[in-house]
Amino acid sequence: MKFDKMAEDNSYESMLCVKPEVHVYRIPPRASNRGYRAADWKLDEPAWSGRMKITAKGKMAFIKLEDKNTGELFAQAPVEQYPGGVVEAVTDSSRYFVIRIEDGSGRHAFIGLGFADRGDSFDFNVALQDHFKWVKQEGELAKLEASQSAAPKLDLSFKEGQTIKISIGNIKKKDAGGAKTRPMGGGLLPPPPGAKAGGVLPPPGGQQTVPAVTNTAPLLDFGSPVPAAQPSSDLWGEFTSAGSNSSKDAVKSGWVQFS
């Protein structure tokens, strides 16, 4: 930025504002402390007309009045601060100002400066305000840097042989033998789903075992033959009945019958 260049090199001069047409007026001495009035000037008879430039060099600003054709310097007003005594607005218009010009030998004079358009006078005012706002910020930054450099620096580095301890609270150590062991069930497998307590596993395939008949003497009586034509007196009828009763007894005793 141009401001950074100005801070580094005071010989560098930057351009802040240029207006191609301004008017200079002779002003009467101030009659009182109430301020200048443009109505007291001969506004239709300017003493000089030309071009105005505002430049900046370091912290200083310069209002330069030049010939619009040749660029010859007519007058110059060095500005050290704004608002200040070098530039003063009149009380009855926003297009006219009173500026203090210098000839370089220590002599100065007050002249009236007027703009043909209100926008030009607004730009003139803003250009000076922005420059001295930057000057103020640069001064505050320089003071801050000076105070920081003068303050002792905090040394947070470890010295030779220095150690630190870190304490972590609320952590309890568990005993190595404190873990509970799961009791063993004696090595027996659990019964299958659907089995009754105290029952015996059924035979595979859903078949039921019929208990063997040990006493068959009454059933195998060869002395009194039974005709084959009578189904009710079948030789194996009693065996079937015994098997059926045994099956019911087995169900009662804990058998599970699968269908």
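Visitor: Which residues have the most contacts inside the largest nonpolar core?
Guide: In this predicted model, they are Met52, Ile54, Ile63, Leu65, Val87 and Phe124. The core itself has 29 residues.

Visitor: Okay, and which strands and helices supply at least two residues of this core?
Guide: Strand 1 (13-25), strand 2 (48-57), strand 3 (60-66), strand 4 (73-79), strand 6, strand 7 and helix 2 each do. Helix 2 gives the most, with six residues.

Visitor: What else is there besides that one?
Guide: There is a second, separate core of eight residues, and Tyr25, Ile27, Trp41 and Val98 are among them.

Visitor: Nice. How do strand 5 and strand 6 pair?
Guide: Strand 5 (residues 87-89) runs antiparallel to strand 6, and the two pair over three bridges. Alanine 89 sits opposite phenylalanine 97 of strand 6. A hairpin of six residues links strand 5 to strand 6.

Visitor: And what about strand 6 and strand 7, how many bridges do they have?
Guide: Strand 6 pairs with strand 7 (residues 108-115) over seven bridges, in the antiparallel sense. There, isoleucine 99 faces isoleucine 111 of strand 7. These two strands also form a hairpin, with five residues between them. Look for glycine 104 in that turn: its phi is positive, about 90 degrees.

Visitor: Why is strand 6 largely enclosed by the rest of the structure?
Guide: Strand 6 covers residues 96-102, and five of its seven residues are buried, so the strand is largely enclosed by the rest of the structure.

Visitor: Where is isoleucine 166?
Guide: Isoleucine 166 lies in the loop between helix 2 (118-150) and helix 3 (237-252).

Visitor: Is isoleucine 166 buried or exposed?
Guide: Isoleucine 166 counts as exposed, because its relative accessibility is 73% and the cut-off for exposed is over 50%.

Notes
Residues numbered from 1 in each chain as written. Predicted model: local features only at pLDDT ≥ 70, side-chain atom pairs only at ≥ 80, totals over all residues. Heavy atoms only, no water. Buried < 20%, exposed > 50% of the residue type's maximum accessible area, 1.4 Å probe, protein only. Helix = DSSP H or I, 4+ residues; strand = E, 2+ residues; numbered from the N terminus. Pairing = 2+ DSSP bridges. Core = buried A, V, L, I, M, F, W, Y, C linked by side-chain atoms within 4.5 Å.
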